[in-house]
Structures are given as structure tokens and as C-alpha cells.
Amino acid sequence: MENDIRRFQSIIDTSHDIVFFTGAGVSVESGIPDFRSMGGLFDEIRQSGNSPEYLLSRDHLDEEPERFVQFYRKRLLTSDKHPNIVHHFIAEMETAGRSLGTVTQNIDGLHTEAGSNNVDELHGSLNRFYCISCNQDYTKGALLQNDVMTCECGGILRPDIVLYGEMLDERVLQSAQNKISKADTLIVLGSSLVVNPAAYLLHYFKGHHLVIINREETPFDFMADLVINQDMTTIIKNIEH
């Protein structure tokens, strides 16, 4: 692993326009497991007879809006999760002018909480909510503080995330594509790179170095200059920045 860390350090030191592409693995250290691995979730699914995809789908929202709200409030709306060393490292690189920003598959909002400003949230963010009737915006803080489930107009409040059955925001996709196409180094952290269209964005990378740090192999490993199948927090702790 020492050789991998040295190579990673060298790539960072010689890069000026880094873009970070992050997946669920980045937030594990913050106590946010992958959706499919949430403790107790599968028991709940078996009892209800539904799939994980349905519980976070547009169909669920349309067909059972109150149950949809109860589900996300119980499973997704948390106040005790905070950015970890990886989120802070990424934010520091942006602040130092070494990074063009971040493209993330995560919906936890921890990149922005860590101080990153140029973040393309491909699947939206649980930091934002809005009324499906009048489009009034709400913050996660407002929902937690006031324990509200509906808008002042009586409409259902939903998280500003891309549900199963919905399309990704074209403006966010275009921004992410432009960012990746301008990068001299693309660093993938904690993503299996199997979910499209997010993973397809890697095809727009034309820079010098592709680095993939993920516990498991990915379909893009053959394209990478450096692949590290280790805990990313250990790697970042040993990087000078």
C-alpha cells in the first residue's frame, strides 16, 4: 500500500485541475451505509412486500404519499451524520484551487457541508425539500426543527432527490460532463461505477490520470493509471495536502 500512496501523492502533486467523482463508499466513515445495506431495511421490505427501488420511487410517492414521507423521515432524514476526512480533503483541494470540483452520486449533502462549493449532485440532495403542490422550498433543518410533514398549503413535502422512475437533471449532467472533460486528473472514490448514466460520465475524461480508490473492482479499472482497493480514509490520512 505504501507504493500506492506514493504514486497517488505524486499524481496529486503534479495535477492542477482535479475532479473528484464520489459514490456511497465516501460516506461510510460518516455512518451512512449504502441504501441496500441499511440496517433493518430488508426486514422492513420483506414485511411490506415491497422492493428498495419501490420505497424510493415516484410510484410510491404518487400511490402512497403519506407512507412515502414516513419512510424517508425514518430512514433518510438524519441530523447526526457529519462530513469525514475524505469530504474535508476534497473541500480543501477545491479551496486551494487544485480542484475543479466534485461530481457525486450521493444524496447525503455532506460534500457541501464540508465546504465544497462546486458540486454536481447527480441524484439530488437530502439537504433540500419542496412541496409537490406549490413548489415551496424547505431545508432539512426546517423539517427536523419543526417536525413538519406537509407544506403550509397542505401539500406533501418531498426530498429534492432523483427517485426511481425519474430522470436526472439535464443541467446537472451537462455541468458534470463539462467538469470531467476539463480535468487533468479524475479521482474516483467509493463508487462501483456500475450505475448509469452516472458512470457513463467517465467516458468524457480526456486528461492524464484516472485514479480509482474503491474496495471492490470496477468496470473501469482497466482504464485507470492507479487502482487502490483499500480503505480510502487510510489513504487520505497519509496524503500531504
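**Note on the predicted model**

1. The accessible surface of the protein is about 12,000 Å² (Shrake-Rupley method, 1.4 Å probe), and carbon and sulfur atoms hold 46% of that surface. This is a predicted model, in which local features need pLDDT of at least 70, side-chain atom pairs count only at pLDDT 80 or more, and totals for chains, interfaces and linings use all residues. Residues are numbered from 1 along each chain as its sequence is written, and side-chain values use heavy atoms, leaving out hydrogens and water.

2. Along the principal axes, the C-alpha atoms fill a box of roughly 55 × 35 × 30 Å.

3. The protein has 10 helices and nine strands. These are DSSP runs, numbered from the N terminus: helices are H or I with at least four residues, strands E with at least two.

4. Of the 241 residues, 48% count as buried, meaning under 20% relative accessible area (1.4 Å probe, protein chains only).

5. Helix 6 covers residues 85–95, and its buried residues are Val-86, His-87, Phe-89, Ile-90, Ala-91, Met-93 and Glu-94. They pack against several elements, including helix 1 (2–13), strand 1 (18–22) and strand 2 (99–104); contact means heavy atoms within 4.5 Å.

6. Gly-97 follows helix 6 and has a positive phi, near 80°.

Methods. Buried < 20%, exposed > 50% of the residue type's maximum accessible area, 1.4 Å probe, protein only.
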